[in-house]
Structure formats: C-alpha cells, structure tokens
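Here is a short tour of one model, written for someone who likes to know the cut-offs. Have the viewer open as you read.

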Amino acid sequence: DGSGSALLSRFHHHHRKGSIDSNTSWVSSLVSGTSTLPEEVLERLAAMATEVDELRSHLRQQEEESQQRILSTRSECERLMAEVAQRSEEKLAEVAQRLEQESRERRRLFNQIQDMKGAIRVYCRVRPVFGDGEPDTVVRAVSEDEVAVLVESKRSAMGGPAAPTTTKTFKFERVFNPASTQVEVFHEVEGLITSVMDGYAASILAYGQTGSG
C-alpha cells in the first residue's frame, strides 16, 4: 500500500546517507515501531535488516583480513631489509679484507721493484750555465745515464808544455740535463717516497756545489 511504499522509500534514502550501523539501528527501530504494517512490508524490512547485518559482518571480516595482510607485508619487508643489511655488512667486510690483502701485496711487490733498481742509486743533474762568460762545455749531459766532463791538465812542474785537455765520461742511474724540471726529478724518486710511506726504510741525499740548486 501507500504507507509501505513510503517506508521503503525512506529506508532507501536513509541507507544511502547513513553508515551500516546507523542503518541497522534505524531499521530495527522502524520494524519494532510499525507492528501495524502489512506482513509483506514487515518481512521485506526484516530481510533488509538481515542483509545489512550480513554486509556489516562481511566488511568487518574484510577489514580484519586487510589488517592481517598489512601486518604480514610489513613483517616481510622488515625481514627483507634486515637480510639485505646483513648481506651488505658481510660484503663490505669481505671487500675490506680483500682490499687490505691487495694493499699488502702491492707494497711487497713495489718494494721488490725498488730493490731490483738497486739498493744505492746515484743521479746527476747538470745545472744550467750561469751568465754569458761561463763556458758551457765543462760538463755535458751526453745521454740519460752518462755525462762528459772536460778535464784540463795542469802545467808540468818542470815548466814544460801543458798536456792537452781530456774528456772523461761518468755513468749514473739517471742524468738530468740543464733543461730538466723539478717534476722530472720528483718522478724519478717518487717510488722511494712511496716505499717510505709504506713503511720501508729509504734515504734520499741531495748535495752539490754551492749555488748549483
């Protein structure tokens, strides 16, 4: 009848606007307060109330399942993160150990190379000529390991003629010509400096005529 249709229309309107709990409460109060309605309307209202209860129970079950999945996913993520962190620490420790071993081996081999070059090494650096009046043929860099020195013979004590000048050559591990730079000299002794920094004993002595640099 008209009153039943009006009640159903009010139910659908209230169902769209309210929550499940409020709808259930509203339907229960509606059913209990409309005992004079036709039996068909009461049965439909009761069926609707049951359907709402089932929907509420289903939603609660889905909410609980969602919470369980969230907790499970969070636990799995934490486990994976801990596993990755542990593997990273183990990998870093392994790399550090290998680096230390390689460093010790490098120092050992490098020192062997320095020993093969000779326990005592002598280098010669020919200084540039000072001024225009200084002869430039007294000492000459012949090659990378040889210098030539012009030697003037002294006049004989008996007053005889002086012997002719002679040239003597000397060999070194390395000879630097007058155009050599400080960088070139450093590169030649850099290996010894590295050995000292690695903990091996080495000495570098530099000496020469005053003003020779």
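## What H4 packs against

In this predicted model, the buried residues of H4 pack against H3 and strand S1 (123-125). Those buried residues are Val 189, Gly 191, Leu 192 and Ser 195. Buried here means under 20% relative accessible area, with exposed being over 50% and partly exposed in between, using a 1.4 Å probe on protein chains only. Helices (H or I, at least four residues) and strands (E, at least two) are DSSP runs, numbered from the N terminus.

H4 isn't straight: a kink of about 50° is centred on Val 189. The bend at a residue is the angle between axes fitted to the seven residues ending there and the seven starting there. Just after H4, Gly 199 has a positive phi of about 105°.

## How H3 and H4 cross

The axes of H3 (residues 39-116) and H4 (residues 182-197) come within 10 Å and cross at roughly 140°. Axes are lines fitted to C-alpha atoms, for helices over the stretch in contact, and angles run from 0 to 180 degrees between N-to-C directions. H3 and H4 are therefore oblique to each other; under 35 degrees would count as roughly parallel, over 145 as roughly antiparallel, and 65 to 115 as roughly perpendicular, with the rest oblique.

On the H3 side, Arg 106, Phe 110, Asn 111 and Gln 114 meet Gly 191, Leu 192, Thr 194 and Ser 195 in H4. The residues of this contact split into 2 nonpolar, 5 polar and 1 charged. For that tally, Ala, Val, Leu, Ile, Met, Phe, Trp, Tyr, Cys and Pro are nonpolar, Asp, Glu, Lys and Arg are charged, and the others, Gly among them, are polar. Contact means heavy atoms within 4.5 Å.

## A buried arginine

Arg 174 sits in strand S5 (residues 174-176). With 19% relative accessibility, Arg 174 counts as buried. Skipping neighbours within four places in sequence, Arg 174 touches Val 122, Tyr 123, Cys 124, Glu 144, Glu 184 and Glu 188.

## The whole chain

The protein chain has 4 helices and 5 strands, in the order α-α-α-β-β-β-β-β-α along the sequence. Of its 213 residues, 16% are buried. Among contacts between residues at least 6 apart in sequence, 52% join residues at least 24 apart.

Residues are numbered from 1 along each chain as its sequence is written, and side-chain values use heavy atoms, leaving out hydrogens and water. Because the model is predicted, local features need pLDDT of at least 70 and side-chain atom pairs count only at pLDDT 80 or more, while totals for chains, interfaces and linings use all residues.
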